[in-house]
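Please keep the structure in view while reading the numbered points.

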Amino acid sequence: MKRLGYAAVVLVLAAAGCSTAVHGRPVAGPVPASAPEIVRWMNNFCGIANYMSASGGVQLGELPTDPAAAKKAIGDALERLVDVLDVALHDLDELTPAPVTAADTAVDVIVEPLTKARDKFVSAKSAVDGAAELTGDVFATVMQNLTEAVSVMNEAVEKMSAVSLPEAFTTAARQADNCRRP
């Protein structure tokens, strides 16, 4: 509405002969600075995403042939995954309440599937740790939990791509160091 009023004033002034032609090319003005608390929030939000990306490389590799060593390798890998998700979930929890309530929805949408995935990884680790040896049944239980965890992680990625943050946050992302791509 303000733009319409402004445009009407400009047209009236131009029609009255009060305007002067300006030659040259338009130059984009500076990007308005976002509120510091929103920039800080976006910096932390992108920091969590960067942490998850950097930590997502937990791989089992080739398992040792010794059953005890294989059990330990699987348990250690699962422990690292749980630790990564614990940190990410803690840091996401620290983002709420957001400076603008609408951003809390984005956090909630991400936290739910990440929590489910974490719980599946914990179940897989418990199955490994609770077994005297890594039998076929134990391995099947672990694989079932891992499959479900990966499925829920994929759900989290889909939900993350469907969520949109308020405009103030997307503008602030351009000013947040952790959101800049190299």
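1. A pocket is found on a 1 Å grid over the protein atoms alone: where a 1.4 Å probe fits but cannot get out, the set of points is a cavity, whereas a pocket is an open set with protein on both sides within 12 Å along at least five of seven lines; lining residues have an atom within 4 Å of a point. Grid points are joined across faces, edges and corners, and the volume is the space filled by probe spheres set on the points. By these terms, the largest pocket has a volume of about 490 Å³.

2. The model is predicted, and local features need pLDDT of at least 70, side-chain atom pairs count only at pLDDT 80 or more, and totals for chains, interfaces and linings use all residues. Residues are numbered from 1 along each chain as its sequence is written, and side-chain values use heavy atoms, with hydrogens and water left out.

3. The lining of the largest pocket consists of 22 residues, and those nearest its centre are Met 52, Leu 85, Leu 114, Met 153 and Val 157. Helices H2 (36-55), H3 (67-94), H4 (102-130) and H5 (136-162) each contribute at least two lining residues; helices here are DSSP runs (H or I, at least four residues), numbered from the N terminus. The largest share, seven residues, comes from H5.

4. By class, this lining holds 18 nonpolar, four polar and no charged residues. Nonpolar covers Ala, Val, Leu, Ile, Met, Phe, Trp, Tyr, Cys and Pro, charged covers Asp, Glu, Lys and Arg, and the others, Gly among them, are polar.

5. The second largest pocket contains about 330 Å³ of space. It is lined by 17 residues, with Met 42, Cys 46, Ala 49, Cys 179 and Arg 181 closest to its centre. H2 gives the most to this lining, with six residues. The classes are 10 nonpolar, five polar and two charged residues.

6. Which rings does Trp 41 join in a cluster? Ring pairs link Trp 41 with Phe 45 and Phe 169. Rings of Phe, Tyr and Trp (its six-membered ring) pair if their centres lie within 6.5 Å; planes under 30 degrees apart are stacked, over 60 edge-to-face, and the rest tilted. Trp 41 and Phe 45 are stacked, at 5.1 Å centre to centre and 10° between the planes. Trp 41 and Phe 169 are edge-to-face, at 5.0 Å and 80°; this pair joins helix H2 to helix H6, 128 residues apart.
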